[in-house]
Amino acid sequence: MVDEDDIAAVAAVMKGDILTTGPSVAAFEDALARTVGARHAVVCANGTAALHLAVLALGIGPGDAVLVPAQTFAATGNCARYVGAEVVLTDVDPDSGLMRVGDLEAAIAAHPGKRFRSVHPVHLNGQSADMPGLAAVARKHGLAIIEDCCHALGTIAADGAVIGDCRHGDLNVFSFHPAKTIAMGEGGAITTNDESLAARLRLLRSHGITRDSSIFVDEVEGFDSEGQPNPWYYEMQDLGFNYRACDIQCALGLSQLAKLPRFAETRRRLVRHYRDRLAPLAPKVKPITLSGGEAVWHLSVALIDYQACGTTRARVMNALRARGIGTQVNYIPVHKLPYYRTLLGEISLPGAEEYYRRCLSLPLSAAMTEADVDRVVEALREVLGL
């Protein structure tokens, strides 16, 4: 939801002198860190870049393995493949799509020879996974934690943690794609409380290049005869990427971030209304199980027993589209994707498969009203013949 003040914020940057690596980038990072309660925020090009930077910063690579829930967007696992690491998929709760403590423990136990380096819990749909429980397992096995928070900006977990504050995880990753709670056009960020990880993230997002004279390696080339940094000098200290976000993106993000409380409350209110309106359609239709805390919902998901309704998901989606209502499936389980099926072979993860079999994402945005929700649920009821 982009308003006139968002457009004005972007226009102000475009009328200025600096379009990238300027003050709007630093301002957005500071605002995001304050919003979630983390010490550092590092903004980048998109959520996938943020995931990639996170595994790079931890030094994960060939011979290592990471644990990823099967019910997620492919990027959560892809970031490990980019660095040559193995992906081991965990099952999830069939009614929430979230990784459970038992799922993580089972996946570790099933692969005794793997050199596991990290676990990547996903806060699916805006709900928090059980981070205290998952973190306890991770600590037991010496695993780093990269939390995929791309759905959950603003969410407060059941233990009071703000998603992104890194109370439990080493690195928390966000996306600001237009479909997310706040938009930057494209954009992502990583939050951390570890200063050394933050410094490495900033280095890797910009080709591995630094102009910080305090860490120059070559003192002969880097400094003049009086010990002052040479004004032209920079060093490439690692193989990094062009993953920067520009000031245009960050100006939009900064304007949107100021509206997070309003967006969050609207999404919560709409999902409460969805749950109330869907209740009479049970047991053939039901909303996902709540995990506790105060979710800022990215998606409003209904679990539908299509067979019991005498129809198929494709028919339902097409019939809703004919009524001007768009829906989606989030997501095809990772182990069902051709790339991962070839990589991992045929594996069974029944919780993820059961969630996928029933899930349907209904329209949700901060621009909607309760009347819009009423229209969607009534159309769904008619299409299902309930």
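**Exercise 1. Which residue does UniProt list for "modified residue: N6-(pyridoxal phosphate)lysine", and where does K180 lie?**

Step 1. Start with the record: the unreviewed UniProt entry lists K180 for "modified residue: N6-(pyridoxal phosphate)lysine".

Step 2. Now turn to the model, which is a predicted one. Here K180 sits in the loop that runs between strand 6 (171–175) and strand 7 (188–192).

**Exercise 2. Decide whether K180 is buried or exposed, then find its contacts beyond four places in sequence.**

Step 1. The relative accessibility of K180 is 15%. Buried means under 20%, so K180 counts as buried at its 15%.

Step 2. Skip the neighbours within four places in sequence, and K180 is in contact with C150, H151, S175, R267 and H298.

**Exercise 3. How far apart are E370 and C250, in sequence and in space?**

Step 1. Find E370 in helix 14, which covers residues 370–384.

Step 2. Along the chain, E370 and C250 are 120 residues apart. From C-alpha to C-alpha, E370 and C250 are 31 Å apart in space.

**Exercise 4. Describe the surroundings of E370.**

Step 1. With a relative accessibility of 27%, E370 counts as partly exposed.

Step 2. Not counting residues up to four places away in sequence, E370 touches R269, L270 and H273.

Step 3. Zoom in on one of these: the side chains of E370 and R269 are joined by a polar contact of 2.8 Å.

**Exercise 5. Where are the cis peptide bonds that join A282 to P283 and N330 to Y331?**

Step 1. A reminder before you look: most peptide bonds are trans.

Step 2. The bond joining A282 and P283 is cis, with omega about 5°. P283 is in the loop between helix 10 (260–278) and strand 10 (285–287).

Step 3. From N330 to Y331, the peptide bond is cis as well, and omega is near 10°. You'll find Y331 in the loop between helix 11 (313–322) and helix 12 (338–344).

**Exercise 6. What are the phi values of C166 and H207, and is each residue buried or partly exposed?**

Step 1. Keep in mind that most residues other than glycine have a negative phi.

Step 2. C166 has a positive phi, near 60°. C166 lies in the loop between strand 5 (144–148) and strand 6, and it is buried, with a relative accessible area of 8%.

Step 3. H207 also has a positive phi, near 65°. Look for H207 in the loop between helix 7 (195–204) and strand 8 (209–210). H207 is partly exposed, as its relative accessible area is 32%.

Notes:
Residues are numbered from 1 along each chain as its sequence is written. This is a predicted model: local features need pLDDT of at least 70, side-chain atom pairs count only at pLDDT 80 or more; totals for chains, interfaces and linings use all residues. Side-chain values use heavy atoms; hydrogens and water are left out. Helices (H or I, at least four residues) and strands (E, at least two) are DSSP runs, numbered from the N terminus. Buried means under 20% relative accessible area, exposed over 50%, partly exposed in between (1.4 Å probe, protein chains only). Contact means heavy atoms within 4.5 Å. UniProt positions are given in the numbering used here, feature names are shortened, and annotations may be inferred rather than shown by experiment. A polar contact is a pair of N or O atoms within 3.5 Å; within protein, one must be able to donate a hydrogen and the other to accept it, and residues adjacent in sequence count only if both atoms are side-chain atoms.
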